[in-house]
Each structure stands twice: as structure tokens, then as C-alpha cells.
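I opened this entry to keep a record of what I looked up, chain by chain and then at the contact between chains.

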Amino acid sequence: MISRRLSLLAPLFVAILMAGPGQALERGIVVASTTSTQDSGLFDHLLPIFTARTGIEVRVVARGTGQAIKLAQNGDADVLFVHDTASEEKFVAEGYGVRRFPVMYNDFIIVGPKADPAQIAGLKDSVAALQSIAAAKAPFASRGDDSGTHKAEQRLWNAAGIDAKAASGTWYRETGSGMGQTLNLAVGMGAYALSDRATWLAFKNKGDFAILAEGDRRLFNQYGVILVNPERFAHVKAADGQAFVDWLISPEGQRAIDDFNVEGQQVFFGNYKSDPS
Amino acid sequence: MHDIAAAFATSFGLILTLDQGLVEIVLRSLQVSLLAVGAAAIVGLPLGAAVALLRFPGRRAVAILLSSLMGLPPVVVGLIVYLLLSRAGPLGVLGLLFTPSAMVAAQFVLVTPIVAALARQVVEDLWAEYEEQLRSLGAGPRRAIATLLWDGRFSLMTALLAGFGRASAEVGAVMIVGGNIDHVTRVMTTAIALETSKGDLALALGLGLILIALSLLVNGAAFVVRDLARSGA
């Protein structure tokens, strides 16, 4: 009696369990990438096109650039797709990666509350903007997570001659989290923040925030893609990984990147040149 | 306020339309957490009962250890399991990182102490009650453990539900070892974290409401099963 009633539930459980966790990857690669490419929705746009063309499934693990590089150095990814040229070159030079291909760029912007206590609205000079923020001791939310955006921000503080880290915990606040999370925090506490444009445009919790400073050449943000070195890690899916890299830098891949837009605005610009000189 | 209203609307919309992505994520959440709890039951229940019944040196210390491990921080467990399963780690050759199996393993580590510690308490109380009877029947420890686990099965269900609650609600461990990969390792909690970081708070909260509803369903189902079993017993 009971067992009959219970047995009605059994197929349900079997169905749930049969879905089969951990089935081995057949044709799939793991790409270690950044929160900006995930949070902006770029991969949701690119990957279906690539998979339809090649049959290769792409599994994206989104972390800050620093963490993504660590993952790849441990051999836990087949392809690295990040945005910090200096660390990418180091990654290749140390033998973890085969070769770096510049793929696309976008730019950073400084966002902040419309009230703009540090009076930076309309500034083109990003360094001057940071100097005003520091002088006003206006709150600034930093990624603080060793990501590409965080490193770009540190370069700007250096150029501004300000030791922002020394003010950590006062007006300078290190969130230690991804771009979207940092924007949530910034909006919540009325703090300025450096963001990539794509994540900002796709971000849905803008509150009364706006782009205040943009257009500085120092805010240029280059992305690169690298196949993890199969000589170092025998399990790396070199052929399929390279196929992904090759597709990204092919005319079709570059066009797919250009076609991606957020709210009608193009946010990533393919800039691979077949003959880099 | 507006976000909260929007969250309810979003979650009902997702449920009513049986959103394909949502169904997939819900099933994966259930699958991962139920497997973890199932494995934790197989290990944790006998372990808890053994600690309750057997007399061995350091038994109290083990009991205290089990209880404190109930509060294991998920991120730390995630990190440890990551280091074990990473290609650079001792179990790297298995290639389990960023698969649902890795998530099951991490949740198993989180849940087993909860199941074991609560089982120890239940069995210890039963033992106090039935010790003489079992001894007079000449039951050995193995027999006694089996008898008491069976006798306490309804109370022990609470231990398993507590474990399931912990497993299905945590995000720290599955984020690290699963990687929140779309269609592969994305579960309810990591999807909520992702939508939060996209600033889509209404959708994030909507998913949260569904997760809570799911937990209600599982607990409700467990109570129904218990009542059916009792009325039949």
C-alpha cells in the first residue's frame, strides 16, 4: 500500500538523477574569461554562432582577469580570454600560453552619481578626474580584485600620483568583487567607479548614476585571447581551443563581435589585424 | 518596493510560462543537491549513529568536531575541493572540475557533518531509551545501529532536510568548483548571483522566490511521505 504510493514518486527521482551530472565533455572547451564579457552578454551572443558553425561547445568560467589567469596557469582552462595586455604577455612568456592574439577593444568610463560631488562631469582627462575625486575625498568603489579593470584603475591612480590604497576603508573602497557587483555597491553608496562601457550599458541597476568622464586615450581597453599551452598541459583541447581562437579573429568572428550591441549601441570593436606589425 | 513587486511578477511569469532556462536550472539544482544529500545520508547516518553508540577514546572530541563542522564555510569548502580537483591538484587527472560532479562533491562535504551530527543526537536519545532492551536481546553494535536508525527514521528525515536546505541554498562552494557555466553547472543560487551582478535585481529576487518555493515543495513532500508511511505503519 505505502510502497505503491511511494513508488509513484520513484520515477520522479530517477528522472532527476538520470539527467546525469558530470558526463564527460565530448566536444567542449573551457574558456577562462572575465566578468565584463559575461555580465555584458557578449558570450550569449557569440557562442551560439560559434557552436552552430563548429559543433564545439564553449564553457565559460567568468572571473576577474587575475583569477582567470590563475585558473589557466593551473591548467583548468583551454583558452584564456581576458583584458590586461601586460599579464597576458607574461602568461605567454612564461610558457603557459601558446600565443596571444589581440581580439577586440572597448573602453573604460568613470561613472558616478549625477550630483557629482567631485565635479568631474564632462572631463576628458581621466587622471584629472581621479585627482578631483581624491581631493574631494568623494567615495570611490574599486574592484580590488586584481582584475583587468582593477589594474587599469591602478595605472590611472599611479599616473595621478595618488596612493589611493592608503585611503582604503575611508573614501577609497575596495569591493573585492566583479564589475557588476562593484557597480551595485557604487550605486548603493553613491561612489564613483571605473567600469568598462559594455558592463555599464548592460547594467540594469543604474539608479541615478551616469557616465561622467570618458573619451581619454588612457581608458582604452584591449582584450586578448590565448590558447593554453598543450605542451605544458597534455589535457588541453588544443585543436578545438585553437578553432575558437581562430574563429574569434576571423572576419566572421570579428563581425560577430561588432554586431553585438547593448541598447542599440556597439560596445566591443573587433581589432585583430591579420598582419600585426 | 518597485523591485519587490517586479520580482513577484517576474517569478510568476517564469513559472507560468515554464521558462526553458528556468526548468533546466531548477532540475540541476535539485539533482546536485539531492545527490549530495543522498551520499551524505549513506555516510553521515551510520557515522552519527556509530559515534552515539560505540565507546572509543576521543568519542566526545569526535562528537564536538562533527557539531562544529556543521558550520563549515561554503567558500572554504569550495576552495579546498577546487584545489583537490584542479588539474594542478592531486585529483586533477579525473577532470571533474567545473562539472556537476564537482558540485556534488563540495555539497557532500558541507552536508555530511550536518547529517552526522544530527543523527548522532537522535540515535543517542533513542539509545538511552532502548539500551537495556537491545542489550537483553543480545544485539551487537552493528545490529543496534541499524535498529536505531530505522526506529528514528522520521526524526532523521529532519536531519536530511536540514542538509538539503544547506546544500540547495549555498552559493560559495558551487560557484568556485562549478564555475556557473551556462547549461552545465548553473544552478539556482549561482544564477541569482549572476543576475545580481548584472544589476537585474528583480530577476534575481524572482529566482530567489522560486528557490524558496522549491524548498517548501521538497519539505512538504517529505512530510507527506512521512505521514503516508506512518499511517501505513
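Numbering and model. I am working from a predicted model, in which local features need pLDDT of at least 70 and side-chain atom pairs count only at pLDDT 80 or more, while totals for chains, interfaces and linings use all residues. Residues are numbered from 1 along each chain as its sequence is written, and chains are lettered from A and ligands numbered from 1 in the order in which they are written.

Confidence. I looked up pLDDT, the predictor's confidence in each residue from 0 to 100, and found a mean of 90 for chain A, with 89% of its residues at 70 or more. In residues 21-25 of chain A the pLDDT is below 50, and this stretch has 11 contacts in the model beyond near neighbours in sequence; two residues are in contact if their C-beta atoms, placed from the backbone, lie within 7 Å.

Chain A. I noted 11 helices and 12 strands, these being DSSP runs numbered from the N terminus (helices H or I, at least four residues; strands E, at least two). Of the 277 residues of chain A, 47% are buried, where buried means 20 or more other C-beta atoms within 10 Å of the residue's own, exposed means 12 or fewer, and partly exposed lies in between, with C-beta atoms placed from the backbone.

Domains. An automatic or database assignment gives the domain bounds, and chain A is divided into domain 1 (26-106 + 222-270) and domain 2 (108-219). Their centres, taken over C-alpha atoms, are separated by 26 Å, and 19 residues of domain 1 of chain A are in contact with 17 residues of domain 2 of chain A.

Contact between chains. I found 29 residues from chain A and 30 residues from chain B in the contact. On the side of chain A that touches chain B, α1(A) gives the most, with 5 residues.

Helix α6(B). Which residues of α6 (residues 141-151) of chain B are buried? I found A144(B), I145(B) and L148(B) to be buried; they lie on the same side of α6(B) because they cover an arc of only 100° around the axis, the arc being that of the directions from the helix axis to the C-beta atoms. The buried residues of α6(B) pack against α2 (20-53) and α5 (100-136) of chain B, whereas R142(B), R143(B) and W150(B), on the other side of α6(B), are exposed.
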